[in-house]
Amino acid sequence: MSPAPDPSLFDKVVNLCKRRGFVFPSAEIYGGFRSTYDYGPVGVLLLRNVKEAWWRSMVQLRHDVVGLDAAILSPPAIWEASGHLQNFTDPLVDCRNCRERFRLDKLDDSDECPNCHAKGSFTEARQFNLMFKTYAGPVEGAGNEVYLRPETAQGMFVNFKNVLETSRKRPPFGIAQIGKSFRNEITPGNFVFRTREFEQMEMEYFVSPDEAGQWYEYWCDERLQWYVDLGIPADQLRLRAHGENELSHYSVATSDVEFLFPWGWDELEGVANRTDYDLSQHAKMSGESLDFFDPASGERFIPYVIEPAAGATRTAMAFLMAAYDEEEVAREGQGQGETRTVLRFHHRIAPYKVAVLPLSKKPELQEPANVVLGLLQPHFMCDYDETQAIGRRYRRQDELGTPYCVTIDFETLDDRAVTVRDRDSMAQDRVPIDALLDHLAPKLS
Ligand code: GAP
């Protein structure tokens, strides 16, 4: 049985994000800017680690996937061919009573305003296109329109031929990309879960039409397992197949990887069978042939595409929520109990891997502390902190999710050894500086 969602977790994580420098509201000194967020010194490390873990699993450790970094600005022709100009819309309703706007398909009751509870107060639904439009060059007018991409996927379809000709890959093979996407969401919210500017991690896997079904199953399983391998408990994850009426205009089958957020199950990633829809559309609109000739079988076909499409920013939030823990502990170094907050990140996801903490700011401890930092920094992302009592510094590192703290004390001056403290067990080991790298490397590799 799945655990119940914990609504109190939401505020705890949002507060911790602000307090410890994970995420700040954008343009905060001007009062914030419409559900837009900036990633602070720790958040940027977390986000990079999420993206690197994805790239490692999807590109580095495979022989059948190559990378791409396509432009964000794109001409209307791409979005006409992809169907986004016509179909990438959400149904928008206004409440005549309180003037709030809603997505009709996200309302629990399509007749009652969730804000003022008026009944029957909604306007007729209008289809609202989610793409941001702007103009290239100094003249704003017809012929100069460009769009900020609402998904990274199209950059991979329009480069299919370039990649096929230069990479020596043949179906089944994939093109992977990480980058920003933009959607003029009607109702952004739930912190970084739904924002207008966000990062995606998408892979388009090109296969023969006969094999599309089996590759779809394969990628559903692979992608679910990726989150488990990086420490999200399996009972907080599930795969949910879309019903007929939920499918995007390009998909014949989609399953979402869902996470148990504080408000209930919600989407982390979609795995879709996009058929040959996109390549066929681009071939038709551009006049370029985008089919593949298989010399082995003598067959010519337009590949089908299986697409695992994840959100990096949304996934970072899920890792934060899954890692958050509070426990009663004895105060380190003292008798009384206290509640410690700890982010139990998988070490690959943790922003800092090691914190180097000289017991005091005295110059005689700074020298060995700098030696230790210099030893570790080429291998691991390290934090260095010499302020406050050591117990408080451990608590701070617990809240950052740092797996190991290395403390340099006055004994270090005699024995050239340091104390290594484990985040999860709080156990402490005395390790010679000369052996420190060998001690930490297997735990963090
Ligand atoms: N190429 C297919 C595609 O874009 P999607 O389900 O619309 O599919 C994929 O988006 C993933 O991108 C979602 O599962 C989600 O993680 C992320 N995503 C989509 N819209 C988002 C938003 N407004 N804010 C944050 N993440 C978003």
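Colleague: In which loop is F191 found?

Modeller: This is a predicted model, and in it F191 belongs to the loop between strand 10 and strand 11, the latter spanning residues 197–207.

Colleague: What is the value of phi at F191?

Modeller: Phi of F191 is near 60°, which is a positive value in a residue other than glycine.

Colleague: Is F191 buried or exposed?

Modeller: A residue under 20% relative accessible area is called buried. F191 has 9% relative accessibility and therefore counts as buried.

Colleague: Where else is phi positive in a residue other than glycine, with a value near 50°?

Modeller: R416 has such a value of phi. R416 lies in the loop between helix 12 and strand 23 (417–422). The relative accessible area of R416 is 38%, so R416 is described as partly exposed.

Colleague: Let us turn to helix packing. How are two packed helices described?

Modeller: One gives the angle between their axes and the distance between the axes. Here, helix 2 (residues 43–60) packs with helix 9 (residues 312–323) at an angle of about 110°, and the axes are 9 Å apart. Angles of 65 to 115 degrees count as roughly perpendicular, and helix 2 and helix 9 are therefore roughly perpendicular to each other.

Colleague: Which residues make the contact between helix 2 and helix 9?

Modeller: Helix 2 contributes L46, L47, V50 and K51, while helix 9 contributes A312, T313, T315, A316, F319 and L320. By type, the residues of this contact are seven nonpolar, two polar and one charged.

Colleague: What does M317 touch, leaving aside its neighbours within four places in sequence?

Modeller: M317 is found in helix 9, and its contacts are F10, N190, F191, V192, F193, F261 and W263. With a relative accessible area of 1%, M317 is buried.

Colleague: Where do nonpolar side chains tend to be in soluble globular proteins?

Modeller: In such proteins they tend to be buried together. In this model the largest nonpolar core has 58 residues, and those with the most contacts inside it are F22, W226, I306 and F345. Not counting residues up to four places away in sequence, F345 touches F22, L46, F319, L320, A323, A350, P351, L400, G401 and R423. Among these, L46 of helix 2 and F319 and L320 of helix 9 also take part in the helix contact. A second, separate core of 19 residues includes A369, V406, I408 and L444.

Colleague: Which side chain is joined to that of D409 by a polar contact of 3.1 Å?

Modeller: That side chain belongs to R430. Leaving aside neighbours within four places in sequence, D409 is in contact with L359, L365, T419 and R430.

Colleague: Finally, which peptide bond is cis?

Modeller: The bond from P171 to P172 is cis, with omega near 0°. P172 is found in the loop between helix 6 (160–167) and strand 10 (173–182).

Definitions and conventions: Residues numbered from 1 in each chain as written. Predicted model: local features only at pLDDT ≥ 70, side-chain atom pairs only at ≥ 80, totals over all residues. Heavy atoms only, no water. Axes fitted to C-alpha atoms, helices over the stretch in contact; angles between N-to-C directions. Helix = DSSP H or I, 4+ residues; strand = E, 2+ residues; numbered from the N terminus. Parallel < 35°, antiparallel > 145°, perpendicular 65-115°, else oblique. Contact = heavy atoms within 4.5 Å. Nonpolar A, V, L, I, M, F, W, Y, C, P; charged D, E, K, R; others polar. Polar contact = N/O pair within 3.5 Å; in protein donor to acceptor, adjacent residues only side chain to side chain. Buried < 20%, exposed > 50% of the residue type's maximum accessible area, 1.4 Å probe, protein only. Core = buried A, V, L, I, M, F, W, Y, C linked by side-chain atoms within 4.5 Å.
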